[in-house]
Amino acid sequence: MNDITSRALLVSLSISQWTARRLDKKETAEVASRHGLRGDIARVHKDLLPQSFELDKIHKMTGAIRTDYYRYSLPWGQEGVQIIKADSYLGFTQMMSTWKSKWFAAVDAFLAVYPQLQQDARWKLNSLYRDEDYPDVDKLREKFSMDIGFLPVPSAADWRVDLSADEIDGLRRQITEQVASSQATAMKAAWQRVYEVVSKAHERLKEPDNIFRDSLVENARELCSLLPSLNIADDPELERMRQT
């Protein structure tokens, strides 16, 4: 089990972006008063930049980045933390670096037209428009960030703290158990991907009259190309299944 500390890396992705949506407290209060409502039954949220192609492009790209991040990695113990094989590090970082460059280029393109988009919002939102809803360009830039971090898989042997031998042994057992449990969860996710692809193909092919779609084959091919980099435990059964 300890071999995984040299075979794999933990990775985390953090993306923040401006949604351009805001709760209008004044309008919310008026709606509640008009209908005799109490509490948070109804809320008025505004789209501050209606039909903004540039901002929508950022949001869609963020979704695509997250999709690739989770496609090329497996879940670890903590939410949002994934694991990749060490030998796929270079390809993974190149992919994420390419996405990061494209994403920040899209942010720059959005910020370049932001002043005009704000002016357009004046007449689109009419009486719902509020100047205070719109940060200046410098403040707005700070709302966009993307960070990709890497950490080693915890090792039970790596303890250099001033504790008693029994306490250190207890911590080592805890780390060993956590790593084993997290690895099992990650490999279960890898096997689940295999199950989903195979079961969908089986469902379509078991009836002779069903239409056979190329996507079934493409999904299987894509999974087979991914599995070597996802097989963090070097599970021979998973590799056998891939080759089959």
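Leu-13 has Ile-148 in β6 as its bridge partner. Strands and helices are here DSSP runs, of E with at least two residues for strands and of H or I with at least four for helices, numbered from the N terminus. The structure is a predicted model, in which local features need pLDDT of at least 70 and side-chain atom pairs count only at pLDDT 80 or more, while totals for chains, interfaces and linings use all residues. Residues are numbered from 1 along each chain as its sequence is written, and side-chain values use heavy atoms, with hydrogens and water left out.

The bridge at Leu-13 belongs to the pairing of strand β1 (residues 8-16) with β6, which is antiparallel and extends over eight bridges. Two strands are said to pair if DSSP finds at least two bridges between them.

## The open sheet

Four strands make up an open sheet with antiparallel pairing, in the order β4-β5-β1-β6. Its edges are β4 (74-75) and β6 (145-152), each of which pairs on one side only. Helix α3 packs on this sheet and touches β1, β5 (81-85) and β6; the direction of α3 makes about 170 degrees with that of β1. For such angles, axes are lines fitted to C-alpha atoms, for helices over the stretch in contact, and the values run from 0 to 180 degrees between N-to-C directions.

β1 and β5 run antiparallel and are joined by five bridges. Within this pair, Leu-9 is bridged to Ile-84 of β5, and Val-11 to Gln-82 of β5. On the β4 side, two bridges link β4 and β5 in the antiparallel sense, and Leu-74 has Ile-83 in β5 as bridge partner. β4 and β5 form a hairpin with five residues between them, and Gly-80 in the turn has a positive phi of about 90 degrees.

## Burial of β5

β5 is mostly covered, with five of its five residues buried; buried means under 20% relative accessible area, exposed over 50%, and partly exposed in between, with a 1.4 Å probe and protein chains only. In a regular strand the side chains alternate between the two faces of the sheet. In β5, both faces are covered: Val-81, Ile-83 and Lys-85 are buried on one side, and Gln-82 and Ile-84 on the other.

## Asp-68 in helix α3

Asp-68 lies in helix α3 (residues 53-71). This charged residue counts as buried because its relative accessibility is 13%. Apart from neighbours within four places in sequence, Asp-68 is in contact with Met-95 and Trp-99, where contact means heavy atoms within 4.5 Å.

## Two loop residues with positive phi

Most residues other than glycine have a negative phi. Ala-20, in the loop between β1 and β2 (21-23), has a positive phi near 60 degrees. Ala-20 is buried, at 1% relative accessibility.

Gln-51 also has a positive phi, near 60 degrees, and is found in the loop between β3 (45-47) and α3. Gln-51 is exposed, with a relative accessible area of 73%.

How many cavities of 30 Å³ or more does the model contain? The count comes to one, and the largest cavity has a volume of about 30 Å³. A cavity is a set of points, on a 1 Å grid over the protein atoms alone, where a 1.4 Å probe fits but cannot get out; lining residues have an atom within 4 Å of a point. Grid points are joined across faces, edges and corners, and the volume is the space filled by probe spheres set on the points.

The largest cavity is lined by Leu-49, Pro-50, Ser-52, Leu-117, Asp-120, Ala-121 and Lys-124. This lining comprises four nonpolar, one polar and two charged residues. Ala, Val, Leu, Ile, Met, Phe, Trp, Tyr, Cys and Pro count as nonpolar, Asp, Glu, Lys and Arg as charged, and the others, Gly among them, as polar.

## The chain as a whole

The protein chain has eight helices and six strands, which follow one another along the sequence in the pattern α-β-β-α-β-α-β-β-α-α-β-α-α-α. Of the 244 residues in the chain, 32% are buried. Among contacts with a separation of 6 or more, 75% are between residues 24 or more positions apart.

Key
1 Å grid on protein atoms, 1.4 Å probe; cavity = no way out; pocket = protein on both sides within 12 Å on 5 of 7 lines; lining within 4 Å.
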